[in-house]
Structure formats: structure tokens, C-alpha cells
Amino acid sequence: MPYGFARGSCWTGGTPWFTMNWNMVGRKKTVKSKYPVNGKNNAAGGVINKVIDLEVLRLTSEGMAVGYYEGKATFVPGLLPGEIGQVQIVEVKKNWQRGKLLGILKASADRVKPPCSVFSVCGGCQLQHLKYEQTLAWKKQWVADALVRIGKIPLDSVTIQPTIGMDDPWRYRNKARLHYGEQGILGYYQEKSKATVPFADCLLISEEMNRWVREAEELLGKGDRKSFPQLTSMTFRENSRGEGMLILDSLPDTFLADVSWPVAQKLGEWVGPGKEWKGAEPAKEAGAGLRWVWGINSSGEPERIAGQGDFTEDVLGGEFKISPLAFLQVNLTQTRRLYSTVLDWAELSTEKVAWDLYCGIGTITLALASKAKKVWGIEENPYAVADARENARRNGINNAEFIAGKVEDTFRQIIDRPDIVVLDPPRAGAHKRVLDRLLELGPDQIIYVSCDPGTLARDLEILQSGGYRVAEVQPVDMFPWTVHVECVVTLEQA
Ligand SMILES: C[S@@+](CC[C@H](N)C(=O)[O-])C[C@H]1O[C@@H](n2cnc3c(N)ncnc32)[C@H](O)[C@@H]1O
């Protein structure tokens, strides 16, 4: 799914740092090691159920505490560096073992009480037990470790800035994906599990979005869900004006063919009609509140169920239309800081051509276009490309051109050589063909935006081996209280 609540770990996570190698952030080999849940294997020299005292040295990239017991790396959730915990061993492997925390014997001065009542079971946040400033320091360190260990980039050759944090790091998410649990209750998934965690108030989303979740449960869950049992999950999005969009996943074809008319009518009454539903109430006045309901049909296409007009967001002074399946960064406050860093670092002039690869709805593209001679954007999601073209029109930009398709398959359609390339790939990083092409073309500057330090470092090593120098790295806390971190990196010809 191209949208959803950022769950659990980054994809390099789960593997202890000491066993990480290039392949583990490579393109072919998928890392499956995710601390298996049953602990039957004790053929590796450890003792299942043994209770030990463990001193924690550091956190893994998944936020898991790690210390050594009799020379064996031991992983435990819930502890912090410097702490000593009483731990029961639940799984033993040749090189590592996993434990369950029984109690904290020595607490860190950086420990805080997690404000969320379901923090210990929900897979959404991993760091609510650590002081916010320390989470920022830990994220900078995680980026530095990845650059050194995976990217082979000497730390004395690059400036890594402190992580840009938030003044108020709560209720920042503009999107949440919920799953049905027992009795039609909506919740997030638990860490590494499909079991749902119901919640009364998720502190990462607005109070308003929390209310929509509860209303959706009433309308679509507890009562009417049996009219469309295939509906297993849904996504809410909210813009900075407090307007909301609900996207229902995997609708049975019959839903859109009116069989579930009572449900559709309820949705129409909730947000105002979109389709010409029989007997629907007139559309509500525009304004804050849930305004749109879309369904994803069995072909994976979005269909409007209720609400009129477009879901839009204001980014750096521009107005952007966002289709239900198009990507938008989940934290608008930090997105503005991220994009401002890109714009500050981009050495652009009206003589220069820029490429914006993996451009989404064209947010970065259009910001670059106002300073450049011409900007080319490439994006594979057809709905996002249509939005990008519409967004250029709405914002009066006529020097940006968009290509629909995978970057690795379409970059040769761009007829202008770039002076500067911005790339913002998904978590898996850039395709090797894309990096090779950049090395062939040799733009003066490459700005790499990434949400995964592991794949970022892997790709930076390739660019560095091909003649670029990593000049500066700016981590941005796009996902407070989680182990995720966003980075902007500028590279110049060595
Ligand atoms: C991290 S988002 C960045 C989007 C945009 N730069 C922004 O800030 O909103 C990555 C984008 O790359 C797109 N994408 C993923 N794989 C792609 C590929 N191989 N070629 C082109 N676009 C791709 C996704 O659809 C998504 O819109």
C-alpha cells in the first residue's frame, strides 16, 4: 500500500548492528530476521528462561536495547543505554539472544514516563520512554553509524548537523491507518504482529482525527460492518485546515454497486454527498471536519463515495492537490523545514536545469522551479503525477515538466542534462541504474532526501566511489517518538 501509518521498524532493522553487512541493505536480499517470536531454539549455548542482570550499552536501529551477557549480544525491548535490567532469556541463537524485561534495577536519568497508555504494546512508537532531546541525539548517532558502517564515509570528511526537532512533538501526523480488531474496534497493529491495539487517544494524531476514528467505528464497525466484511482497514488524512479524508481499503465491488446503500447514505450524511446517492442530504458547508470518503475498489483504483472538491494542503506558500493514493509527507511542520533545507542548499539560478526524481505530487519540483530555468520531475504513481501537473497549473508554474513511470525506466526521456539533481526515493533507496546514470551525467550537485539511513548510506557509498563528496547531512525529526529519521544530504563533485 502506498499509504499507511508508519509501522514498526525501518527495513534494515531487526538485524543486530554487528551482523549487518552490505547485503543486508542491498537490493536483492531481503532481511527477514525480525527477532522471531518463539524461543524454542536453545541449541546455541544459551539457557531459555534464565534470569540475568543486563547492562545496556546502546539501542539498535529498531530502538531495542543491547548489552552483552557472557560475551553474547542480548537484545531486550524497553531498556535504555546505561540502564541495568532484570531480564529473562526467551530465545537463544548462535551469536545473540533475546530477552524479556522483568524489572529495571538501575534507571537512566534520561528515562521518562511514556504519556501514551498503550505505548508498551502498540507498534507505532518506540521511544516514548526516552527524553525528547535524547531521541534527537540518538537519531543523529544512528545516521552517523550508518554512514560509517554501511557507507564507508569517514566522519571527519562530512558535517552531520544536529537533528532538527519539533517545539511540540505531539499530534503531528496528518495520516493514520487503522485496522479492525475484535468486535469491530479500530486500532493500530502491534509491533511485528497483525493483532490490533485499540486506543482512546493516539497522541500522534489530532484530537479531531481521534474523534473521526471513533465515529467511523460507530458507523462502519460495530454495527454495519457485516454489510461489507471485506473491509479490514482504513486510512484517515487531515490537512492543516482541519479538513479530513477517509479512505476505505479493499471495498467489495458490491459496495460501490449500491448494495451497501444504507452505509453509503450514512457516509453521505456524515460528510456530504459525492456521488449522486439516492436521497442523500445536500453537501455540508466547506470547513474543518471530515469532508471526503473514498473507497479503493477491487482493481486498486480510488472511487469517490462522498464529499465534493479536492483535498489540498498548503506547502511553502503553494496550494497542492493530493489524491487519495498520492504520497504526502506525514508531518507538515517538519516537511517545511526539510524542504527549506533542500532549497537553501540547492545552488540554483535561472540558467540552471534541475531534476526532481521520485517527485510525488511535485512539492519539491515546484519549489525548485521558481528558482531554476527548468525542472523535470519523475514519479511512478499516476495519481501523483496528475496531481503534480495540476499543482503546477494552480500555482502558475510553467517551467516544470513531469514524466510518469519508474525513474529507472524513464530517465532517458528527459532531454535536458541536469545541473542539479534532487532525489527523494522510498525507503528501499534509489535503483542502481539511477545512481549509475547520475554518475554518467555528472551534475554539479546532488541532493539526496531519505527516510532510511541504511539505504541512504548504501547509495552514498556508490555516489562517493563515482566521484562525489558527501558535504553535509541534515537529519530532520519527521517522526518523533519513533525510530525513524529523515535526512537531507548534499553532495558535490570531489
Ligand atoms: C518519499 S516519497 C517522496 C515524494 C516527494 N518528493 C515528496 O516530498 O512528497 C517517494 C515517492 O517515490 C515514488 N516512487 C517509488 N518508487 C518509484 C520509482 N521506482 N520510480 C518513480 N517513483 C517512485 C512514490 O510513489 C513516492 O511518491
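By contact I mean that the C-beta atoms of two residues, placed from the backbone, lie within 7 Å. Before going on, a word of caution: this is a predicted model, so local features need pLDDT of at least 70, side-chain atom pairs count only at pLDDT 80 or more, and totals for chains, interfaces and linings use all residues. Residues are numbered from 1 along each chain as its sequence is written.

So where does L456 sit? L456 is in helix 10. Helices here are DSSP runs of H or I with at least four residues, strands are runs of E with at least two, and both are numbered from the N terminus. Is L456 buried or exposed? L456 counts as buried because it has 28 C-beta neighbours inside 10 Å. The rule is that 20 or more other C-beta atoms within 10 Å of a residue's own make it buried, 12 or fewer make it exposed, and anything in between is partly exposed, with C-beta atoms placed from the backbone. R173 is 283 residues away from L456 along the chain, and their C-alpha atoms are separated by 23 Å.

Next up, C451. An unreviewed UniProt entry annotates C451 as "active site". Such positions are given in the numbering used here with shortened feature names, and annotations may be inferred rather than shown by experiment. You'll find C451 in the loop between strand 21 (445-450) and helix 10 (453-465). C451 is buried too, with 22 other C-beta atoms within 10 Å. Leaving aside neighbours within four places in sequence, C451 is in contact with R427, H484 and E486.

Now the ligand. Which residues come nearest? Of the 20 residues around the ligand, those are F327, Y358, G360, E380 and D424. Here, being around a molecule means having a C-beta atom, placed from the backbone, within 6 Å of it. Helix 6 (363-369), strand 18 (374-379) and helix 8 (407-410) are the elements that each give two or more residues to this shell. The shell divides into 11 nonpolar, four polar and five charged residues.

Pairing requires DSSP to find at least two bridges between two strands. Inside that sheet, strand 22 (residues 468-476) and strand 23 (residues 486-493) pair in the antiparallel sense over eight bridges. If you want to find one of them, look at V470, whose bridge partner in strand 23 is L491.

There's another open sheet, with six strands in the order 1-5-6-4-3-2 and mixed pairing. Its edge strands are strand 1 (51-55) and strand 2 (58-59), each pairing on one side only. Strand 1 and strand 5 (residues 84-92) are antiparallel over five bridges, and V51 has Q88 as its bridge partner in strand 5.

Last, the whole chain. How many helices and strands are there? The chain has 10 helices and 23 strands, and buried residues make up 46% of its 494 residues.

How values were computed. Nonpolar A, V, L, I, M, F, W, Y, C, P; charged D, E, K, R; others polar.
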